[in-house]
Amino acid sequence: MKREDLTEKLLDIKREKGWTWKYIQDEIGGISPILITAACMGQMKLPKAQAAKAAELFGLSEAEERMLNEAPYRGSIPQMPPTDPLIYRFYELVMVYGTTWKELIQEEFGDGIMSAIDFNMTMEREPNNKGDRVKLAMSGKFLPYKYYGNDEGVPDYGFKEA
């Protein structure tokens, strides 16, 4: 079985049982609800305890349980630019605001990147009388570029200089 096949199996069971992602997240627990969903979608691995809970919940084999605990091949968007309207909006946000985010982050922190590995994300519904809004919050560790071959007095890393 390939990881994509396991993802399809999980989605089939979810549909057949009428489960919501919230129900699945609550049953597995122990880590971020977003990470649980990403793991079910084949984009993250579950720690062993959560993989065992998922296997029990979904009625998976031992091999399928172990697969949930393996580091996956990430990147599930089949084509670029994405054609799904919701995913395209995120792509559009990066196209429009990407250089702005880069400038503002690097002005504040220095020469580096925001980690998507040492990372937290939350999502919530924000009630609004003009139509509810989606609120996403992302928090990634700042990782400065390392300056190698530097002379004495030249910083080792690209943290913002005073």
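Colleague: How many bridges join strand 1 to strand 2, and do these strands run parallel or antiparallel?

Modeller: First, a word on the source: this is a predicted model, in which local features need pLDDT of at least 70, side-chain atom pairs count only at pLDDT 80 or more, and totals for chains, interfaces and linings use all residues. Residues are numbered from 1 along each chain as its sequence is written, and side-chain values use heavy atoms, with hydrogens and water left out. Strands (E, at least two residues) and helices (H or I, at least four) are DSSP runs numbered from the N terminus, and two strands pair if DSSP finds at least two bridges between them. Here, strand 1 (residues 112–126) and strand 2 (residues 133–144) are antiparallel and are joined by 11 bridges. Gly112 has Pro144 as its bridge partner, and Met121 stands opposite Met138.

Colleague: Which residue in the turn of this hairpin has a positive phi?

Modeller: In general, most residues other than glycine have a negative phi, and most peptide bonds are trans. In the hairpin, 6 residues lie between the two strands, and Gly131 in the turn has a positive phi of about 125°. As for peptide bonds, the one from Met80 to Pro81 is cis, with omega near -5°. Pro81 lies in the loop between helix 5 (62–68) and helix 6 (85–109).

Colleague: At what angle do helix 2 and helix 4 pack?

Modeller: Axes are lines fitted to C-alpha atoms, for helices over the stretch in contact, and angles run from 0 to 180 degrees between N-to-C directions. Helix 2 (residues 21–28) packs against helix 4 (residues 48–58) at about 125°, with the axes 9 Å apart. Helix 2 is therefore oblique to helix 4; angles under 35 degrees count as roughly parallel, over 145 as roughly antiparallel, 65 to 115 as roughly perpendicular and the rest as oblique. Contact means heavy atoms within 4.5 Å; Tyr23, Ile24, Glu27 and Ile28 of helix 2 make it with Gln50, Lys53, Ala54, Leu57 and Phe58 of helix 4.

Colleague: How do the axes of helix 2 and helix 3 cross?

Modeller: The axes of helix 2 and helix 3 (residues 33–40) come within 9 Å and cross at roughly 105°. Helix 2 is therefore roughly perpendicular to helix 3. Trp21, Ile24, Gln25 and Ile28 in helix 2 meet Pro33, Ile36, Thr37 and Cys40 in helix 3.
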